[in-house]
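Subject: Structure handover

Hello,

Here is the structure I promised to pass on. My notes follow below it.

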Protein chains: 2
Amino acid sequence: MFVADLETPAVVVDLDVMERNVSRMAEYCRSRNLRLRPHTKSHKIPELAKRQLAHGAQGITVAKIGEAEVMLDAGITDILIAYPIIGTGKTEKLADLATRANITVSLDSVAVAQAIAAEAKRREVRVGILVELDVGFHRCGVTTDEEVLTIARAVADLPGLEFKGLMFFPGHLQVTENERAELRVSVNEFLSRSLAKLEDAGLPVEIVSGGSTPTAREGHLFTGVNEIRPGMYIFNDRNMLSVGVARLEDCALSVITTVVSTSVPGRAIVDAGSKTLSSDTHQVPEGRGFGMIKTDPDAEVERLSEEHGNLNIARSTREYRVGERLEIIPNHVCSTVNMHNRIYGVSGGRVEAVWEVAGRGKVQ
Amino acid sequence: MFVADLETPAVVVDLDVMERNVSRMAEYCRSRNLRLRPHTKSHKIPELAKRQLAHGAQGITVAKIGEAEVMLDAGITDILIAYPIIGTGKTEKLADLATRANITVSLDSVAVAQAIAAEAKRREVRVGILVELDVGFHRCGVTTDEEVLTIARAVADLPGLEFKGLMFFPGHLQVTENERAELRVSVNEFLSRSLAKLEDAGLPVEIVSGGSTPTAREGHLFTGVNEIRPGMYIFNDRNMLSVGVARLEDCALSVITTVVSTSVPGRAIVDAGSKTLSSDTHQVPEGRGFGMIKTDPDAEVERLSEEHGNLNIARSTREYRVGERLEIIPNHVCSTVNMHNRIYGVSGGRVEAVWEVAGRGKVQ
């Protein structure tokens, strides 16, 4: 089958570009002696996780129990669930997973640690624990080194748990290189203080897990970090282009779409709306639009309805015609892939792989 | 099973509220002699479409061929696909559907009409056609009465097609009642001119299809309109609350979520992020946030990550504790439901129905 035969909208991944992205990140990690644990939320596809492992990743990261199950069923046995697992059904499933694989969970409260420990003890399994630090994104994570120590001690003392180290998500560093360098200073101070406290307390730290795609190649500049968890790098997207960590030729994923209407002057309507691209915004100061049209940077994907991409073509120098196809690089690949039941691996205009997005739509 | 037993995040629908919403809209349409053709993109669930039909809807609206197939397979045989269908595979499937049901399609170009006609002729089926007018939303739709006539004539002359009338989407009227009244003037002028042109040309107009949830109960105020296509009214949402077409007690759908972290001062993190709620914004001037917490209007669902709802609780007077459950009314129900494989019908704290979102994730 050819790409031209796919009904639109269709999410396609250039296999050569993806393979290069995966290989380069693995190479960087090897060169800096960092462990690579890709966040598979960006694709939720076991076949792609296996490509990442084949290139040297030491395990994977997921966001949900259901995603871990899908990956484990595919034979992947070293999984970090980078999310505080709370709720009876969830801790039960977590303990199930821990009977079959090497499972680590991040958390930032004694309450979550206690609930996981109770179930782990009952089932006689061990769950690895990373204590999450808030390094400035203000989402999950403790904010002082005293709290790091309190939770690490509680984890070390609880049956069924193994304190493995620290985790942080530098989501606020999804900015330019200079801004990232500035913000890194306070991140490193917090990491240093926390590591010193743990050392004084005699709590060994095996893992310090940082990273995200924007900061991935600066992993070695973070104090103590020996593992990174980038996700988007496998595909890249418009946000990664805008913050300068990817070039156009590094964008492996795009959405093939068809022009369905040109009736309104200055506009072209395509069959990729928010239920295809997601309504995730352009994450840069004064960011606009919902994607980039590969062959026409002068057009703007200005508004999305659920099934309509509303292109402002007032500044475009080319004509648009009903029935023609366009290729859009979405703002945020993780959210785009999550909209779809399957996506396609392509090379030289041919569809070489059809992948089920097996991990999407999981409740827990 | 009880609602309290559902793992979170879970989308629940209060059956009594939903039934009342469905009944009231049907009652309004009866009282004004309007046909009701609910847009099922809001739920994509055949069982709910059937509730709407049971209350007197005359048929349904869908956005995609794949959604029409799901509804047809469930026995629903009067379907408007309110979208210009273009592409060989799509017109083939459309003709397939037309062998089994009464299918109408909206379009705004002769090119789309010709492509559908060619396939309809080959298969010896008839497809009903509504010509779409742009009444100010600037998405699909022709913008002059001359174009209305040109396309209607082309449709009437093409084999396999039946010109049925006009359709418009007053999406720009999702504002306050006064603003809607003002905007309605120009909409009605365009409708009047178009209807006059068609009458002069001897082209009978069977259907003038308008409406959307915000404008639904004003359906009778639009010139010539004899059918409306509201979607969201079955559930309602935060946007409908904000524009004043629904009250809190009319909101049938909410997302049950669990607090997973309270580590960062002034914040509570819940397990409902953009992959649960969607990142659709609050569609009112100066709108903020991604949902409303039912029991704490002082808290703001300020930011979403993929699996984290980041609540700003700085102005909240209550405490938040890890493990507790909250109920969020999302900004936009259509996008929220589309994130999920199944949702739950509940009454008095009990889960009475589990519905597969059978129409989601369809490519075409």
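Two strands pair if DSSP finds at least two bridges between them. Helices (H or I, at least four residues) and strands (E, at least two) are DSSP runs, numbered from the N terminus. This is a predicted model, where local features need pLDDT of at least 70, side-chain atom pairs count only at pLDDT 80 or more, and totals for chains, interfaces and linings use all residues. Residues are numbered from 1 along each chain as its sequence is written, while chains are lettered from A and ligands numbered from 1 in the order in which they are written.

**Confidence**

The model scores ipTM 0.97 and pTM 0.97.

**Domains of chain A**

The domain assignment gives domain 1 (17-234) and domain 2 (239-356). Such bounds come from an automatic or database domain assignment. The C-alpha centres of the two domains of chain A lie 32 Å apart. Domain 1 of chain A puts 18 residues into the contact, and domain 2 of chain A puts in 11. Here, two residues are in contact if their C-beta atoms, placed from the backbone, lie within 7 Å. On the domain 1 side, α1 (15-32) and α2 (46-54) of chain A each supply at least two residues. α1(A) gives the most to that side, with three residues. By class, the domain 1 side has seven nonpolar, seven polar and four charged residues. The classes are: Ala, Val, Leu, Ile, Met, Phe, Trp, Tyr, Cys and Pro as nonpolar; Asp, Glu, Lys and Arg as charged; the others, Gly among them, as polar.

**Sheets of chain A**

An open sheet of eight strands runs β2-β9-β8-β7-β6-β5-β4-β3 in chain A, with parallel pairing. β2 (35-36) and β3 (60-62) of chain A stand at the edges with a single partner strand each, so one side of each has no neighbour in the sheet. Within this sheet, β4 (78-81) and β5 (102-107) of chain A pair in the parallel sense over four bridges. A:Asp78 has A:Asn102 in β5(A) as its bridge partner. α4(A) lies across β5 and β6 (127-133) of chain A, at about 145 degrees to β5(A). For that angle, axes are lines fitted to C-alpha atoms, for helices over the stretch in contact, and angles run from 0 to 180 degrees between N-to-C directions.

There is antiparallel pairing as well. β10(A) pairs with β15 (325-330) of chain A over four bridges. A:Val255 stands opposite A:Ile328 in β15(A). β12 (291-293) of chain A also runs antiparallel to β15(A), joined by three bridges. There, A:Met292 has A:Ile329 as its bridge partner.

**The two chains**

52 residues of chain A are in contact with 52 residues of chain B. On the chain A side, the elements that give two or more residues are α4 (88-100), α5 (110-123), β10 (253-261), β11 (267-270), α9 (274-277) and α10 (333-338). That side has 17 nonpolar, 23 polar and 12 charged residues.

A rotation of 180 degrees with 0.0 Å of shift along its axis superposes chain A on chain B, at RMSD 0.0 Å. The two copies are thus related as by a two-fold rotation axis. Superposition is by least squares on the C-alpha atoms of residues with pLDDT of at least 70 in both copies. The same surface serves both copies, as 100% of the contact residues of chain A recur in chain B. Of the residues of chain A, A:Ser279 comes closest to the axis, at 2.8 Å (C-alpha).

Best wishes
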